[in-house]
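I opened the notebook with two topics to look up.

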Amino acid sequence: MKNPTKLTPTRLKQIQDELEYIKTVRENEVAELIKEARSFGDLSENSEYDEAKNEQGKLFSHKQELEAILANYVLIDEEAQSNDVIGHGSRVTVRDLEFDEKEEYTIVGSQESDPANGLVSDESPFGKALMGLKVGDIAEVHAPDGIIKYEIVEIDK
């Protein structure tokens, strides 16, 4: 069995809601599209039917992906996290030692990762380098151009 997916309560609810929407609404919509496309006649030359079947395949694939996540996840207890040590759910302010620029990130599981919006996966090189550090510690991130060093300036929830 592969490693469990780490989810915050917020992301868990989003996945559960999305799966429920797929099962109760979207599957019926796609079935209607297929039914309607079949009524157009010869299926061998029916692009609407092909498109609807492709949509159905994508939907089922996504549904299976969500079900797999829900079958093997670990809930991140953000409240149990300390403000002294970087962990899941920590908001971290770092200072790039080379350019003397401050940046803020939140450490999340890979399902919630969105680096452009400051959400960094705990499995990314940057996230791994930050995990377990304290204010004043130096994180060394191995990047293609070499090692980038960040000072931990602040840790918050």
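I began with the rule for charged pairs: a salt bridge is a side-chain nitrogen of Lys or Arg within 4 Å of a carboxyl oxygen of Asp or Glu. The model is predicted, so I kept to its limits: local features need pLDDT of at least 70, side-chain atom pairs count only at pLDDT 80 or more, and totals for chains, interfaces and linings use all residues. Residues are numbered from 1 along each chain as its sequence is written, and side-chain values use heavy atoms, with hydrogens and water left out.

**Entry 1: helix H1.** I took helices (H or I, at least four residues) and strands (E, at least two) as DSSP runs, numbered from the N terminus. H1 covers residues 9-38, 30 residues in total. I read 42 Å from its first C-alpha to its last, close to the 44 Å expected at 1.5 Å a residue. The expected span is 1.5 Å times one less than the number of residues.

Where does H1 bend? I found a bend of about 45° at Ile22. The bend is the angle between axes fitted to the seven residues ending there and the seven starting there.

**Entry 2: burial in H1.** I used relative accessible area: buried is under 20%, exposed over 50%, partly exposed in between (1.4 Å probe, protein chains only). Ile22 is on the buried list of H1. Also on that list are Arg11, Leu12, Ile15, Leu19, Glu27, Val30, Ile34 and Ala37. I then looked at what covers these residues (contact means heavy atoms within 4.5 Å). The cover includes strand S1 (5-7), helix H2 (47-71) and strand S2 (73-75).

**Entry 3: salt bridges.** I get ten salt bridges by the rule. Lys13 and Asp17 form one of them, at 2.8 Å, N to O. Both lie in H1, four residues apart, about one turn of the helix. Lys13 is partly exposed at 46%, and Asp17 is partly exposed at 40%.

Next I checked Arg91 and Asp156, whose closest N and O atoms are 2.9 Å apart in a salt bridge. Arg91 lies in strand S3 (residues 91-96) and Asp156 in strand S7 (residues 146-156), so the pair ties together parts that are 65 residues apart in sequence. Arg91 is partly exposed at 33%. Asp156 is partly exposed at 30%.

My last pair was Asp100 and Arg95, with closest N and O atoms 2.9 Å apart in a salt bridge. Asp100 is exposed at 52%, whereas Arg95 is partly exposed at 22%. I also noted one network: salt bridges with shared partners join Arg26, Glu29 and Glu55.
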